[in-house]
Amino acid sequence: MDFVRTTDRRDQLRAPGGSRAPASALMARMASGLLVSGLVAGLILAPALPAGAAGQGRGPVGGPQLAGHGVIVNYPATNAKPLPKLKASAYVLADAGTRQVLAAKDPHGWYLPASTLKVLTLITLMPVLNPNATVVTTRRAADAVPSKVGLLAGHAYRISDLFKAMLLISANDAALSVAKATGSVTKGVAMMNAEAHHLQADDTVARLPNGLNEPGQHVSAYDEALFARQALAIPQFMRDEQLRTMHFPLKPHHKPITLYNQNTMLETYRGDLGGKIGWTTASKTTFIGWARRNGHTLVVTILHTKPLDELTYAARLLNWGFDEDGKVRPVGTLVRPLPAHPPKAPQATRAKARPLPQSAKLALPGVPMLIGLGALLLASLTGVTVLVITRRGRRAGSPPAR
């Protein structure tokens, strides 16, 4: 299956081939525009809500440089160490402590997340679910493929064990089960999207808690860096992320099975704090990683790269980041989460709401208004008819256009 880039909100509509529409079509459009304008003029409508950061007039989240699609880096004037060359469609390297983005490539491009979306699932549900509670596995969860711990439908499993299975072996059946523990998988996914909004991860839409491909689901490298930074604030997440192995009680009264962490950087990279790997045919390989050296904690996210290259690329970016942190001028910042509960204005200073005038209330038009609209409609249609008849008369004795 080929990867298809999801169309994002930066794409603009244009006429196919840039061709000009026929004159008669333009006349009809003009008449339709007059008619619609008249109808809108007769009604008081609520303004459209802004779409994301761009709609609010504040540019790309994290800073204007992050609007770029290629490699983004601000080298120092002298002794610049070049960024490693990566065959990945997008990445972000950032200092989690200072929130500075050190380098990036297509940071706000929309891509398929694969199992890296489980990081959003975990940072959303770990703080709200009781880790000692249990949840009964559904048939849907038990049938999840391909990566799974092998949960048995109808059996109850402890939520803390399911969290570990998600991080160590990227278990898709465990992800569906923890989402179901909220009441339903649908509710769990809704909570994930709410958390993405809270983190200002405006490029993210979650559809499945395990990150497997689903229409309409996408993330960006920048958003995944926000997920990674939030994970650092959840001790349970970071403890589980650094486990090398765990014993999972798959069947009652049977010996637990042993799960091994898929992130080999825990053993090979100095200062590694963990990493989450994802892969599907369409998404290719995706990765979120953390590392700490000399008091600096860096996060790295990589999207759409060749399988088996993700750990090598992550190590190269992290090495460059630890060498150049504090030397390069940041290309942006990782924004802070929105307030959990926006503060309300004090009662004493809150402006008193004034009732809308009767004519401004959205309601069915009255009789005088209907008469006016009817007259406008009749005039617009008459104008269209006259324009079309006149143009046809002019064309009667003329040769066809070439």
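1. Helices (H or I, at least four residues) and strands (E, at least two) are DSSP runs, numbered from the N terminus. By that count the chain has 12 helices and 11 strands. This is a predicted model: local features need pLDDT of at least 70, side-chain atom pairs count only at pLDDT 80 or more, and totals for chains, interfaces and linings use all residues. Residues are numbered from 1 along each chain as its sequence is written, and side-chain values use heavy atoms, with hydrogens and water left out.

2. Overall figures. Buried means under 20% relative accessible area, exposed over 50%, and partly exposed in between (1.4 Å probe, protein chains only). Of the 402 residues in the chain, 42% are buried. The chain exposes about 21,900 Å², and carbon and sulfur atoms supply 60% of that area. Accessible areas come from the Shrake-Rupley method with a 1.4 Å probe; for residues, only the protein chains shown count as cover.

3. Contacts along the chain. A contact means heavy atoms within 4.5 Å. Among contacts with a separation of 6 or more, 68% join residues 24 or more positions apart.

4. Strand 2. This strand spans residues 88–95 and is mostly covered, with 7 of its 8 residues buried. Two strands pair if DSSP finds at least two bridges between them. Strand 2 pairs with strand 10 (residues 296–305) in the antiparallel sense, over 7 bridges. Ala 88 has Thr 305 of strand 10 as its bridge partner. Strand 2 also runs antiparallel to strand 3 (residues 100–105), joined by 4 bridges. Here Tyr 91 is bridged to Lys 105 of strand 3.

5. The hairpin. Strand 2 and strand 3 form a hairpin with 4 residues between the strands. Arg 99 takes a positive phi near 70° in this hairpin.

6. Helix 6. Residues 172–180 make up helix 6, which is mostly covered: 8 of its 9 residues are buried. Among them are Asn 172, Asp 173, Leu 176 and Val 178. The cover over the buried residues of helix 6 includes helix 3 (117–125), strand 4 (134–136), helix 4 (139–142), helix 5 (159–169) and helix 7 (185–198).

7. Helix 3. The buried residues of helix 3 include Lys 118, Thr 121 and Thr 124. Leu 117 and Leu 125 are also on that list.

8. Asn 210. This residue is in the loop between helix 7 and helix 8 (221–231). Is Asn 210 buried or exposed? Asn 210 is buried, because its relative accessible area is 3%. Leaving out residues up to four places away in sequence, Asn 210 touches Ala 114, Ser 115, Lys 118, Asn 172, Ala 175 and Leu 176. A polar atom of the Asn 210 side chain lies 3.1 Å from the backbone nitrogen of Leu 212.

9. Gln 242. The loop between helix 9 (235–241) and strand 6 (245–248) holds Gln 242. Gln 242 is partly exposed, with a relative accessible area of 30%. Its side chain reaches the backbone oxygen of Met 238 at 3.1 Å. Apart from neighbours within four places in sequence, Gln 242 is in contact with Leu 266 and Leu 273. From Gln 242 to Asn 261 the C-alpha to C-alpha distance is 8.3 Å, and the two are 19 residues apart in sequence.

Definitions and conventions. A polar contact is a pair of N or O atoms within 3.5 Å; within protein, one must be able to donate a hydrogen and the other to accept it, and residues adjacent in sequence count only if both atoms are side-chain atoms.
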